[in-house]
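I opened my notebook to look up a few things in this structure.

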Amino acid sequence: MTRTLAIANQKGGVAKTTTTASVGAALAAEDVAVLVVDLDPQGSLTFSLGHDPDQLSASVHDVLIGAEEVADVLLDTEDGVTLLPATIDLAGAEALLLMRPGREYALKRALGEIAQDYDVILIDCPPSLGVLTLNGLTAADEVVVPLQCETLAHRGVGQLLRTVTEVQQITNPDLAILGAVATLFDARTTHSRDVLADVTDRYDLPVLSPPIPRTVRFAEASASGSSVMRGRKNKGSVAYRELAANLRAHWAGAPLETYEAPVS
Ligand SMILES: Nc1ncnc2c1ncn2[C@@H]1O[C@H](COP(=O)(O)OP(=O)(O)OP(=O)(O)O)[C@@H](O)[C@H]1O
Ligand SMILES: [Mg+2]
C-alpha cells in the first residue's frame, strides 16, 4: 500500500522542502521506493535534488493541466528518490486550474496512475493555501506541518488547520494530521522549547520526534543541489534519519513517537 504524505505550511521558509528532500533521501537509503512531488513554482525541491527547473521541458504543471502523462515527466535523482519536478510554469497552473471543475483532484488523479510503483509519496507544498496546496492535501493520506521554532511560529497554524478541516469535509475525508515537525530547533535555548510547548497546547498538535536541529550544513547543501543526506554525517541528517524511521514504524502500525518539550 502506498502512503502519501503532504508537507504543508503556508508560512515561508519553515523547511518544508528540506524536510521533503531529507526524509525522502533517508527512506530511499533504506530501500523504500520514494516519489517526491514538487508543488512549488519556485522549484526549490527540484533544484535541491540536482535538476535545474529552467532546463526542464515538462513538469508537474503539464501533468496537472492534462498536457503530459505523469510517467513521462518523472526524473531520477542522485538521492535515490524519483522526482516529479516543478518549473515556474506552475505559477500559471493556479489560474488555469481555477477554471476547471474538480480542480482540487488533478494531482490525485495523476498520482493514481503511478502510485503502485512507490511505497511512499512525499508532496512538498508551496507557501500558500491556494489551489496547489489544496491539490496536495486532496492527494495525500496524511499531512505534517513543519514549524520553525521561533516566536510567532504559531501564526498561520490555525488557518492551516482550518484548511485541513475543510479538505476533510469536502475533498478528502480520510486525510489525517500526523503533527508538527519542529525545524531549525536550538535545544540549547529554552525559547525553542517554549515555542513548541505553546503550539502543542494551543492547537493540540503533537510534535513528531525528533526535532530537527539548526545546522549550517543545510544552507550549504541546498546551494549545491544535493540533499543534506549525502556527504558527511551531521546532526541534521541524523535527525532526519530518525524522523524517517519514526514515520516508517508508524506506517508499519506502531504509534508515532512524539516529542514532549521539557517545561522550563
Ligand atoms: N535544520 C536547518 N538548519 C539550518 N538551515 C536550515 C534547516 N532547515 C532548512 N534550512 C534552511 O532554511 C531555508 C528554508 O528552508 P526550505 O526551503 O526547506 O523552507 P520551505 O518551507 O520549503 O520554504 P518555502 O516556503 O519558500 O518553500 C533554506 O535556506 C534551508 O537551507
Ligand atoms: Mg519550499
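I needed a cut-off before I began: a residue is near a molecule if one of its heavy atoms lies within 4 Å of it. I also noted that the model is predicted.

**Entry: the ligand shell.** Which residues come nearest to ligand 1? I found 18 residues around ligand 1, and Lys16, Thr17, Thr18, Pro213 and Thr215 come nearest. I sorted the shell by type and got 7 nonpolar, 7 polar and 4 charged residues. Then I checked the helices. Helix H1 (16-29) and helix H9 (217-224) each supply at least two residues of this shell.

**Entry: polar contacts.** The side chain of threonine 17 has an N or O atom 2.8 Å from an oxygen atom of ligand 1. For aspartate 40, a polar side-chain atom lies 3.4 Å from an oxygen atom of the ligand. With proline 213 the backbone takes part: one of its polar backbone atoms is 2.9 Å from a nitrogen atom of ligand 1. How much of the accessible area of ligand 1 does the protein cover? On its own, ligand 1 has 630 Å², and the protein covers 80% of that.

**Entry: the sheet.** I traced an open sheet of 7 strands. The order is S3-S4-S2-S5-S1-S6-S7, and the pairing is mixed. Strand S3 (75-76) and strand S7 (176-183) stand at the edges; each has a single partner strand, so one side of each is left without a neighbour in the sheet. I then zoomed in on one pair. Strand S2 (residues 34-38) and strand S4 (residues 82-84) run parallel, joined by 3 bridges. Valine 37 stands opposite leucine 84 in S4.

**Entry: a helix on the sheet.** I followed helix H10 (residues 235-251). H10 lies across strand S1 (3-7), strand S5 (120-124), strand S6 (142-148) and S7. Its angle to S7 is about 165 degrees.

Entry: Most residues other than glycine have a negative phi, and most peptide bonds are trans. I noted two exceptions. Alanine 15 is not a glycine, yet has a positive phi of about 85 degrees. I placed alanine 15 in the loop between S1 and H1. Serine 209 and proline 210 are joined by a cis peptide bond, with omega about -5 degrees. Proline 210 sits in the loop between helix H8 (190-203) and H9.

Notes:
Residues numbered from 1 in each chain as written. Chains lettered and ligands numbered in written order. Predicted model: local features only at pLDDT ≥ 70, side-chain atom pairs only at ≥ 80, totals over all residues. Heavy atoms only, no water. Pairing = 2+ DSSP bridges. Helix = DSSP H or I, 4+ residues; strand = E, 2+ residues; numbered from the N terminus. Contact = heavy atoms within 4.5 Å. Axes fitted to C-alpha atoms, helices over the stretch in contact; angles between N-to-C directions. Polar contact = N/O pair within 3.5 Å; in protein donor to acceptor, adjacent residues only side chain to side chain. Areas by Shrake-Rupley, 256 points an atom, 1.4 Å probe, with all protein chains shown as cover. Nonpolar A, V, L, I, M, F, W, Y, C, P; charged D, E, K, R; others polar.
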